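My notes follow in the order in which I went through them.

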Amino acid sequence: MRTLITGGAGFVGSHLCEWFLRDGHEVLCVDNTITGSLGNVEHLRGNERFTFIRHDISHPLEIDGPVDNILHFASPASPVDYLRHPIPTLKVGSLGTHNTLGLAKLKKARYLLASTSEVYGDPEKHPQREDYWGHVNPIGVRGVYDEAKRFAEAMTMAYYRSHNVNTHIVRIFNTYGERMRLDDGRVVPNLMGQALRGEPMTVYGDGSQTRSFCYVSDLVDGITRLLATDFHEPVNLGNPNEVSIVDFAREIRELSGTRSEIVFKPLPQDDPKVRRPDITRARQLLGWEPRIDRREGMRRTLEYFRHKVGIQQ
């Protein structure tokens, strides 16, 4: 089997590269490293079944020979990144999706789009089910990411309906684990980095907003199960165990052993107040649910960040 992963040098993409190599695939890792890092896949580059291709998938890509699977994970995914790169974010969600779907059609490959819980926006329904259409501000600062992913889903379904491409869509909720960047601006690396450095831990708003955190190995397990199905509509993957951000900060403070104080800053524009997946579809279709509890996943991730903070000091 030959599997192409765009965004393969990113956080989730690099874990997918590992999984498919372990499963005996030849892996083509495509990344322009705008937010990914070669360090995430350096340990794979000695494997003869692994190929790194530096390329911006917003431009067409030609691949010689067969391709069995295409997983489109290329995109800035944190607010810090997509606010810094708004137009590349829109282009990789639109042009990049078009290019990878065209390649899947040409190669008769299975296709999986990495979508996001952000398609639900600041939701008016809770928890979020796949049949909820969302509450998104298309011209707000977060719209460059939200609408890119919503467009990508529409394009993916159009290729399934019009060209019979074997497509799959995963809506990914907050995921954490090793290989997140300390500076990527998301809540887990932000709070863990601040705790490990003994800095004040920043919580936005009053901290009552909620998130649901899924450990990366659980996410990868769900993604690979979904790819093996013939189901074409979106599937939520995430951990339904919901926690407020201020309580999450307290958990990190306790696990890290820091004496950092928790400080509060204004809530960013259009920041979702609640976020929790309804994973009924994943349970029924894939027999999937998260196995790593939050405390264990946080412990592993803290150890990873402890090493990264040590390197940077």
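I call a residue buried under 20% relative accessible area, exposed over 50% and partly exposed in between, with a 1.4 Å probe and protein chains only. Helices (H or I, at least four residues) and strands (E, at least two) are DSSP runs that I number from the N terminus. I note that this is a predicted model, in which local features need pLDDT of at least 70 and side-chain atom pairs count only at pLDDT 80 or more, while totals for chains, interfaces and linings use all residues. Residues are numbered from 1 along each chain as its sequence is written, and side-chain values use heavy atoms, with hydrogens and water left out.

**Entry 1: strand 1**

I began with strand 1 (residues 2–6), which is mostly covered, five of its five residues being buried. Arg2, Leu4 and Thr6 lie on one side and Thr3 and Ile5 on the other, and both faces are covered. For pairing I require that DSSP finds at least two bridges between two strands. Strand 1 runs parallel to strand 2 (residues 26–31), to which five bridges join it, and also parallel to strand 4 (residues 69–72), here through four bridges. Leu4 stands opposite Leu28 in strand 2 and opposite Ile70 in strand 4.

**Entry 2: helix 4**

Helix 4 (residues 143–163) has 21 residues, and from its first C-alpha to its last it reaches 29 Å, close to the 30 Å expected at 1.5 Å a residue; the expected span is 1.5 Å times one less than the number of residues. The buried residues of helix 4 include Val144, Tyr145, Ala148, Ala152, Met155 and Tyr159, but also Asp146, Lys149 and Glu153. Which elements do the buried residues of helix 4 pack against? I find helix 2 (79–84), helix 3 (86–107), strand 5 (110–116), strand 6 (167–172) and strand 11 (234–237), taking contact as heavy atoms within 4.5 Å.

**Entry 3: from helix 4 into strand 6**

Asn164 lies in the loop between helix 4 and strand 6 and has a positive phi of about 60° although it is not a glycine. Asn164 counts as exposed because its relative accessibility is 65%. In strand 6, by contrast, six of six residues are buried: Thr167, Ile169 and Arg171 point one way, and His168, Val170 and Ile172 the other. Strand 6 is joined to strand 5 by six bridges, the two running parallel, and pairs with strand 11 in the parallel sense over four bridges. Ile172 is the bridge partner of Thr116 and stands opposite Leu237 in strand 11. Strand 5, helix 4 and strand 6 make a right-handed β-α-β unit.

**Entry 4: nonpolar cores**

I count as a nonpolar core a set of buried Ala, Val, Leu, Ile, Met, Phe, Trp, Tyr and Cys residues joined through side-chain atoms within 4.5 Å. The largest such core has 57 residues, and those with the most contacts inside it are Leu16, Phe50, Leu71, Phe73, Ile223 and Leu237. Apart from it lies another core of 22 residues, among them Leu61, Ala74, Leu103 and Met155. Setting aside residues up to four places away in sequence, Leu16 touches Ile5, Leu71, Phe73, Val220 and Ile223.

**Entry 5: loop residues**

Thr33, in the loop between strand 2 and strand 3 (50–54), has a positive phi of about 60° without being a glycine. Is Thr33 exposed or only partly exposed? Thr33 is partly exposed, because its relative accessible area is 22%.

A cis peptide bond joins His126 and Pro127, with omega about -5°, and Pro127 is placed in the loop between strand 5 and helix 4.

Arg275 sits in the loop between strand 13 (262–265) and helix 8 (280–286) and counts as buried because its relative accessibility is 1%. The side chains of Arg275 and Glu118 are joined by a polar contact of 3.4 Å, a polar contact being a pair of N or O atoms within 3.5 Å, of which, within protein, one must be able to donate a hydrogen and the other to accept it, with residues adjacent in sequence counting only if both atoms are side-chain atoms.

Methods: A crossover is right-handed if, with the strands pointing away from the viewer, the path from the first strand over the helix to the second runs clockwise.
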